[in-house]
Amino acid sequence: MKQNQDSDCPQPTAESNPIIIFDTTLRDGEQSPGATLNIEEKLTIAKALAKLGVDVIEAGFPYSSPGDFEAVQKIAQSVGTENGPTICGLARATEKDIKAAAEALKPAHKARIHTFIASSDIHLKYKLKKTRAEVLEIAPAMVAYAKSFVDDVEFSPEDAGRSDPEFLYPLLEKAIAAGATTINIPDTVGYTTPSEFGGLIKGIKDNVPNIDQAIISVHGHDDLGMAVANFLEAVKNGARQLECTINGIGERAGNAALEELVMALHVRRQYFNTFLGRAPESTVPLTNIDTTQIYKTSRLVSNLTGMIVQPNKAIVGANAFAHQSGIHQDGVLKNKLTYEIMDAQSIGLTDNQIVLGKLSGRNAFKTRLKELGFDLSETELNKAFLRFKDVADKKKEITDWDLEAIVNDEIGQPPELFRLELVQVSCGDRSSPTATVTLRTPDGKELSDAAIGTGPVDAVYKAINRVINIPNNLIEFSVKSVTGGIDAMGEVTIRIKHEQKIYSGYAANTDIIVASARAYLNALNRLYATLQPKEEQEAVTSA
Ligand code: KIV
Ligand code: ZN
């Protein structure tokens, strides 16, 4: 698998050298509490990231679990193609971790091992229980070990933001000498301020003698809300790789958000050009990201992880392009530039929010989906169109957000092994919530049952449980309105746990009880598909 670097390549110019976007949604992002993704969901996100144009996908931490190993391997296989992104696997600075990463990454055309060891005194003393001298030995040895599998090796001194720079310099020098091609500087606990972080990068540039042999990367958490600002300061001081996640998800307060970094570099490229050695007026993009894919990718990650995006979130929040005050609306109507620094279209949204209705035909539907970047097969299109007609019967105006919810609901979901044929509830302040459901089973039988619950959704779930007898715990349930208005579609995201594994479900409908039932079935279908022996599957409905 060891890949050779092409030494005959023409020397890149400042213009042809974009800032590398390293996405860690599937590794650090997945460390967000409750954001666990199954392999199939990881693969779907990895494909979307490749379409978005990220340069490197950190697909997981292969040694951490068999599931992570398999996910990295599958992503390496189907996304790590010749023209696809580099696929990276995380590994602590141990032989076992590095070997597992190398093994999982084997199918990737471009593979990277990212190995790390803590460097702050506080981590050394309490976590690693190692001396600085020991770390100075382990790091280069493990970089060299990783290098025996792949050419592309990244090294991170964990908690660099709180590490003594005088210790970091020789540590990084040794890692580069041992073969690290990227050295990543993590602000692991989100502690530094922009000028401190910029200063740290400058110090590394000035004091690590062989720094010109490696790319400087940054990784940072948002505990004090400064991750993106820190990264931009790092870029000004020489960082050329940014480790970030979609919607900024990640450990604790999350990571620097990809969409914020990319759009800051896009909207303010003339400001950043000079720091990259480009002509100030250069219009050459600073990253390889196709910004028009940002919104769609954000929604996909939000739906699959169940991590809801706050309405006022920069770039991808529901209000990011909404003008509420009369003065602002008036200004925008006269000239958009009065209050808009970027075009909603540049992230894949459209000005034309109200697009389709009951009378819209298949062609208009197909054209709009194409404009929104959805590439559906004929069968998928037919399926989505039927759903669209159904929604349009209940909702007067179908916005792009509705269209997206319809597509996410219909396409890319697990096979509908159990199908909802009917759901009915009766509830109110004078009665016990009661639900009746009819489900079609994988072998075509129609089974009905009813249950009483603490609320209508609880009653529906209990009724479904009486038909599909798979024990599980509901660990998360969220309902969100897709747009404003009384006829808005509701999106339901849920997560259930069965034998330590988490399965997510998503559905959108104008009726939130129907959406809740379908989201639950969606998760159960995912779970059911993993039940291996036939007898185990059959036992589910014969209990
Ligand atoms: O935050 C951190 O330090 C990390 C490292 C593994 C890079 O996630
Ligand atoms: Zn991190």
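1. Ala, Val, Leu, Ile, Met, Phe, Trp, Tyr, Cys and Pro count as nonpolar, Asp, Glu, Lys and Arg as charged, and the others, Gly among them, as polar. By these classes the shell around ligand 1 holds two nonpolar, six polar and three charged residues.

2. This is a predicted model, in which local features need pLDDT of at least 70 and side-chain atom pairs count only at pLDDT 80 or more, while totals for chains, interfaces and linings use all residues. Residues are numbered from 1 along each chain as its sequence is written, chains are lettered from A and ligands numbered from 1 in the order in which they are written, and side-chain values use heavy atoms, with hydrogens and water left out.

3. Residues around ligand 1 (a heavy atom within 4 Å of it) include Arg27, Phe116, Glu158 and Asn184. Polar contacts are pairs of N or O atoms within 3.5 Å. An oxygen atom of ligand 1 lies 2.6 Å from a side-chain N or O atom of threonine 188, and one lies 3.1 Å from such an atom of histidine 219.

4. Which protein donors does the zinc ion (ligand 2) have? They are Asp28 (OD), His219 (NE2) and His221 (NE2), at 2.0 to 2.1 Å. Donors are N, O and S atoms within 2.8 Å of the metal (3.2 Å for Na, K and Ca); water is not among the atoms, so sites may look incomplete.

5. The spacing of the donor residues in sequence is D-x190-H-x1-H. Aspartate 28 also has a polar side-chain atom 3.0 Å from an oxygen atom of ligand 1.

Key. Polar contact = N/O pair within 3.5 Å; in protein donor to acceptor, adjacent residues only side chain to side chain.
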